[in-house]
Amino acid sequence: MARARREGDAVIGAGLLALDPKPDERPAPSHSAAGEDTRIAFGKFVKLMRRRRGFSMEELAQTADLDASELLVIEDDVHYVPEPRTVFKLAQTFEVSQRRLMQLAGLVVANDADFRQEAVRFAARSEAVHKLTPEENSALEAFVAILSEQEPKRVK
């Protein structure tokens, strides 16, 4: 405390704050092609699942305990990287794998080329219409099955 008083009005930090002087700012997201491809699919997935369940933006926000403005950004901005809590809540609400949804949102690197390819295929087949077309519903079903797959257990 004595050393802190000698510093006067200077900002003093310790622990995590000393390492991250601006804790509210997140690192800039990677703008790799693979990351943007999966984030496009992430936004489309959230929008289609919301529509499939008949939720308005506000109803999904209330059900998932999220902020409606963040859901709006997720659906419309491919550069936005959501908070891990948001993706966790969406995975719970939509009953899909949290790990896969984290990969889709760009929070975890997906080294699985097939997964990235399926994400791009899903995003390309999805179109914003008032009601899900049979093709969109089929694409969504196939993608939900992929997101719901259990990761094989690793042998140590």
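Are F45 and F143 buried or exposed? F45 is buried, and F143 is buried as well, where buried means under 20% relative accessible area, exposed over 50% and partly exposed in between (1.4 Å probe, protein chains only). The model discussed here is predicted, so local features need pLDDT of at least 70 and side-chain atom pairs count only at pLDDT 80 or more, while totals for chains, interfaces and linings use all residues. Residues are numbered from 1 along each chain as its sequence is written, and side-chain values use heavy atoms, with hydrogens and water left out.

We can start with the aromatic rings. The structure holds five aromatic pairs; rings of Phe, Tyr and Trp (its six-membered ring) pair if their centres lie within 6.5 Å, with planes under 30 degrees apart counted as stacked, over 60 as edge-to-face and the rest as tilted. One of these pairs joins F45 and F143 in an edge-to-face arrangement, with 6.0 Å from centre to centre and 70° between the planes. This pair links distant parts of the chain, since F45 belongs to helix α3 (residues 33–52) and F143 to helix α9 (residues 134–148), 98 residues apart. Helices here (H or I, at least four residues) are DSSP runs, numbered from the N terminus.

F143 has a further partner in F122: the two rings are stacked, 4.6 Å centre to centre and with 5° between the planes. Because F122 sits in helix α8 (residues 113–125) and F143 in helix α9, the pair ties together parts that are 21 residues apart in sequence.

E75 is part of helix α5 (residues 68–76) and, at 10% relative accessibility, counts as buried. Leaving aside residues up to four places away in sequence, E75 touches G43, V46, K47, R50 and M57, a contact being heavy atoms within 4.5 Å.

S97 is found in the loop between α6 (84–94) and α7 (98–105). This serine is buried too, with a relative accessible area of 17%. The side chain of S97 reaches the backbone nitrogen of R99 at 3.3 Å, and a polar atom of that side chain lies 3.1 Å from the backbone nitrogen of R100. Beyond residues up to four places away in sequence, S97 touches A91, L147, S148 and E149.

How values were computed: Helix = DSSP H or I, 4+ residues; strand = E, 2+ residues; numbered from the N terminus. Polar contact = N/O pair within 3.5 Å; in protein donor to acceptor, adjacent residues only side chain to side chain.
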